Amino acid sequence: MAELVNQERRAFLRRGAMGAGALWTFSLETLLARQLVESPRVPGPYGAVSPKLDETTGLPLLQLPDGFRYRTFSWTGDMLADGVPCPASHDGMAVVDKADEPGHIILVRNHEQSAGMPFANKSAIVATEAGAGGTTNLLFDTTSGTWKRAWASLTGTRRNCAGGVTPWGSWITAEELTDAGYGWCYDVGKEAGDPTPLKAMGRFSHEAIMIDPRTGHVYETEDAGNTSGFYKFVPNESGKLKAGGDLFMLGVKDQPTIDLGVAYPLGTRWPVIWVRITDPHASEQSLFAQGMANGAARFRRLEGAWWGDRVGYFLSTSGGQIREGQVFEYDPANETLKLIYDSPAAIECNNPDNMTVTPRGGLLLCEDGNVVAEGDRLIGLTLEGQTFVFAINNVNLTTAYNTRVVARDYRQSEMAGACYSPDGRWLFVNIQSPGITFAITGPWGTGPL
């Protein structure tokens, strides 16, 4: 019975990604043919974007193509269902499981807060007494398109930036720092999180997590500037991360300490090796230093990651020809890494951070660049390697929303946590500051998102 439940969860979570995971592997010729030149932005397959009113507040918080609509929920400071004020700094997020009610799903959302008191006084979900970060869970009804409630699920952590969804119906939330006592991953279920750190997965400046459901191997990105690595955790027991395992760092065969964060031709493919990390707790030497000492590869600010069907994708926020971002494809069956995108200009894609595989055969990137004047954006990436703007942050408050959300211009705040409902009808995303969660729907069938 337990295996049947796990199979259903895997199908539930992977349904939207199967098309993209299958199609991207056949796009090499078009990627190689693409010319990397700076060009003016043109409307994408959904058309030009313009301000649209939030169905919850009536405010023009997003620019979207015509036909799309959205509802916000759980702003910073709003009261959660358990009486806890919603913490700030909404970041990584994913749909983890179905709820008991038909059509209802549960999301887990990160809050990238740092040192401070836990935001919820619930001992069962408090990891430490000096961390203000953590996660909240949200209930959404896909049938009616309404938010139902939200509640605290883990606190006492620090800088919960990204993470990743698991095949067994939970979210691995990750701390993006290496302060003493922090820098770990935690498992958060559909009701509550486990405050016990998953230490075998390593202590470093964590970003995203993705899991190959066929093997149970966990892939982890590191955001540590020009000294960032890509890691693989092999659990002793698949699906039981607390049972320990072995940690490795990616390298390239016959090219020790190669720098993969610089310019390479699109479609470049590297044969992968894995270097063992002997001290995952980093008690004496950082994990990156351990890997480099044995020939592992260097990246520049690895952040978002998401598993497709057969392959996984991750991005380098400041890598590439002009340091505007790269997207890589990892194929575990052939043990190869391939460069599938390198932004040629900020107007095309400006330092992507979080990412997701879309239900209709593309990738969706969340910008964190703060240099495009119109505001941070959601960027679609097609099979042909072309980008287009799907959404623009339009949050410019002339009056305070509540006592914790003051009136000011938030348009340069990053988009984060993009993910889809299993039926592919709803896109969920956060704007980190002032801290807002969105549910977006519309005529998806006309394009790759």
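Author: Start with contacts: two residues are in contact when heavy atoms lie within 4.5 Å. The model here is predicted. Among its contacts between residues at least 6 apart in sequence, 57% join residues at least 24 apart.

Reader: What share of the residues is buried?

Author: A residue is called buried when its relative accessible area is under 20%. Of the 449 residues in the protein, 61% are buried. The protein exposes about 15,800 Å², and carbon and sulfur atoms supply 52% of that area.

Reader: How should I read a nonpolar core?

Author: In soluble globular proteins, nonpolar side chains tend to be buried together. In this model the largest nonpolar core has 49 residues. Those with the most contacts inside the core include Leu-107, Phe-140 and Phe-428. Strand 7, residues 146–157, gives the largest share of this core, 5 residues. Apart from this core lies another, of 28 residues, among them Trp-75 and Tyr-410.

Reader: Which residues does Leu-107 touch, leaving aside its neighbours within four places in sequence?

Author: Its contacts include Met-93, Val-95, Trp-147, Cys-419 and Phe-428.

Reader: How many disulfides are there?

Author: A disulfide needs two cysteine sulfur atoms within 2.5 Å. The count here is 0. Cys-366 has the sulfur of Cys-419 as its nearest cysteine sulfur, 9.3 Å away, and is in no disulfide.

Reader: Is Cys-366 buried or exposed?

Author: Cys-366 has a relative accessible area of 0%, so it counts as buried. Cys-161 is also buried, because its relative accessibility is 3%.

Definitions and conventions. Residues are numbered from 1 along each chain as its sequence is written. This is a predicted model: local features need pLDDT of at least 70, side-chain atom pairs count only at pLDDT 80 or more; totals for chains, interfaces and linings use all residues. Side-chain values use heavy atoms; hydrogens and water are left out. Buried means under 20% relative accessible area, exposed over 50%, partly exposed in between (1.4 Å probe, protein chains only). Accessible areas come from the Shrake-Rupley method with a 1.4 Å probe; for residues, only the protein chains shown count as cover. A nonpolar core is a set of buried Ala, Val, Leu, Ile, Met, Phe, Trp, Tyr and Cys residues joined through side-chain atoms within 4.5 Å. Helices (H or I, at least four residues) and strands (E, at least two) are DSSP runs, numbered from the N terminus.
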